[in-house]
Amino acid sequence: MRAVVFEELGGPEVLQVAEVSAPEPGPGQVAVDVAWSGVNFADAKARSVGYRVESFPFRPGLEVSGTVRALGAGVSGLTVGQHVVAMVNGGGYAETVLVPAETTFAVPEALDLRDAAALTTVLATGYALLHEVARLREGETVLIQGAAGGVGTATGQLARAAGAGRVFGIVSKAEKAAYAKDFGYDEVFVGEDFDEQVLRATDGRGVDVALDPVGGESWRRSVASLARYGRAVAFGNASEAAPWQIGFGDLAVRGLSVSGFSILGLGATDPARLRELTERAFREAERAGITVPITAEFPLDQAAAAHELLESRTSMGKLLLRVR
Ligand SMILES: NC(=O)c1ccc[n+]([C@@H]2O[C@H](COP(=O)([O-])OP(=O)(O)OC[C@H]3O[C@@H](n4cnc5c(N)ncnc54)[C@H](OP(=O)(O)O)[C@@H]3O)[C@@H](O)[C@H]2O)c1
């Protein structure tokens with residue numbers, strides 16, 4: 001079978017298609033014949049800076065949809081031939097992948113395999129950010145970075161569905177602002193001075209919740225955008241900035257909270273909790289009619305082109321690899 005691998009860190013060109021033997025599932029594992037692989041920013045970070053790469057050759061890919069090919073010992077509740085979606089700790093850019101049974105889900109009735117592949121990670125991430133970590137309450141205001149991207153388009157809709165007061169986004173280009181408006185946002189700001197724009201739009205009050213995957217100066221500005229008792233959640237470091245520091249003096253006067261979240265970290269340490277979270281997120285998506293726009297799809301052997309687009313900062317919505 002074919003799988004995408006890289007043997008060294010570098011640009012998209014280090015992604016190669018290799019012929020490898022089809023894997024057999026061990027205890028608690030499911031072999032899935034992959035129809036679609038989701039392309040995530042974390043895949044590009046693995047390739048470019050070695051995010052979560054422990055050895056070479058490394059196989060990227062964190063989410064797939066497809067058909068159950070075989071079940072390992074002890075796996076129940078799934079059948080060979082069933083359509084599933086799964087989160088996996090690498091290896092998803094392949095014709096067949098082994099996934100943990102705990103993070104394998106029957107495809108929800110309302111979705112086909114293509115939509116399911118696009119939705120799984122971004123939906124569960126957005127749901128965790130808003131509901132588990134930031135503990136969003138009805139009527140509160142929310143600010144989301146990368147509003148036009150995969151996580152951004154899902155999370156804007158989730159915030160709206162949760163009864164948020166106003167939902168603000170941040171993007172790097174005007175065309176992205178116009179695009180994001182269809183995905184739950186009241187207003188989308190362009191530019192690095194977004195904290196000033198947020199304060200102007202809220203008559204100096206700020207927002208209750210700010211979600212930041214960029215880090216560095218952006219993280220500082222996300223915290224500066226908070227209202228009294230506001231909560232900022234760091235969920236990435238796209239800027240590659242040095243680790244941030246924040247202390248009593250920065251937080252106490254306005255009673256602010258800061259926190260972080262990683263869906264890969266949750267999956268690695270508590271897969272049962274990830275399962276329960278994802279099931280709740282899918283139920284919410286079904287109830288509220290949340291979908292993620294798929295804006296480009298590439299065959300497996302063009303994974304490099306997908307990474308190039310994702311890193312260009314021109315992509316909007318979700319990118320997929322079409323595998324079978
Ligand atoms: N912690 C978690 O559990 C978790 C889970 C999923 C994703 N994430 C993070 O959430 C973010 C969105 O992920 P995604 O897969 O949905 O990707 P995406 O939003 O579809 O694409 C990445 C976006 O990041 C923004 N960005 C900001 N600074 C950037 C930089 N220095 N270089 C490139 N892009 C930059 C760009 O939007 P603008 O050009 O509009 O700024 C770009 O469109 C990523 O940072 C990812 O690591 C975290």
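Is Glu-308 buried or exposed? In the predicted model, Glu-308 has a relative accessibility of 53% and therefore counts as exposed, the cut-off for that class being over 50%. The residue is placed in helix α10, which spans residues 303–311. Together with Glu-7, Glu-8 and Glu-13, Glu-308 forms a negative surface patch.

Arg-47 lies in helix α1 (residues 41–49) and, at 2% relative accessibility, is classed as buried. Beyond residues up to four places away in sequence, the contacts of Arg-47 comprise Phe-6, Leu-9, Gly-10, Gly-11, Pro-12, Val-14, Leu-15, His-307 and Glu-311. A further buried position is Val-88, with a relative accessible area of 6%, located in the loop between β5 (83–87) and β6 (96–100). When neighbours within four places in sequence are set aside, Val-88 is in contact with Gly-61, Leu-62, Glu-63, Val-97, Leu-98 and Val-99. The C-alpha atoms of Val-88 and Thr-269 are 13 Å apart in space, while the two residues are separated by 181 residues in sequence.

Salt bridges were examined next. Side chains of opposite charge can pair when their charged atoms come close. Across the whole structure, 21 salt bridges are found. One of them joins Arg-324 and Asp-33, with the closest N and O atoms 3.4 Å apart. This pair connects distant parts of the chain, 291 residues apart: Arg-324 belongs to the segment after β15 (318–322), and Asp-33 to strand β3 (residues 29–39). Arg-324 is exposed at 54% relative accessibility, whereas Asp-33 is buried, with a relative accessible area of 18%.

A salt bridge is also formed between the side chains of Arg-166 and Glu-187, at an N to O distance of 3.6 Å. These partners, 21 residues apart, again link distant parts of the chain, Arg-166 being in the loop between α3 (150–161) and β9 (167–171) and Glu-187 in strand β10 (residues 187–190). Arg-166 is partly exposed, with a relative accessible area of 34%, and Glu-187 is likewise partly exposed, at 30%.

Within helix α6 (residues 216–224), Glu-217 and Arg-221 are separated by about one helical turn because they are 4 residues apart. Their side chains meet in a salt bridge of 3.1 Å, N to O. Glu-217 counts as partly exposed at 43% relative accessibility, and Arg-221 as buried at 16%. Through salt bridges with shared partners, Glu-217 and Arg-221 are joined with Asp-195, Glu-196 and Arg-220 into one network.

Definitions and conventions. Residues numbered from 1 in each chain as written. Predicted model: local features only at pLDDT ≥ 70, side-chain atom pairs only at ≥ 80, totals over all residues. Heavy atoms only, no water. Patch = residues over 30% accessible without salt bridge, like charges linked within 9 Å, V, L, I, M, F, W, Y side chains within 5 Å. Areas by Shrake-Rupley, 256 points an atom, 1.4 Å probe, with all protein chains shown as cover. Salt bridge = Lys/Arg side-chain N within 4 Å of Asp/Glu carboxyl O. Lys, Arg positive; Asp, Glu negative; His and termini not counted. Charge placed at Lys NZ, Arg CZ, Asp CG, Glu CD. Helix = DSSP H or I, 4+ residues; strand = E, 2+ residues; numbered from the N terminus. Buried < 20%, exposed > 50% of the residue type's maximum accessible area, 1.4 Å probe, protein only. Contact = heavy atoms within 4.5 Å.
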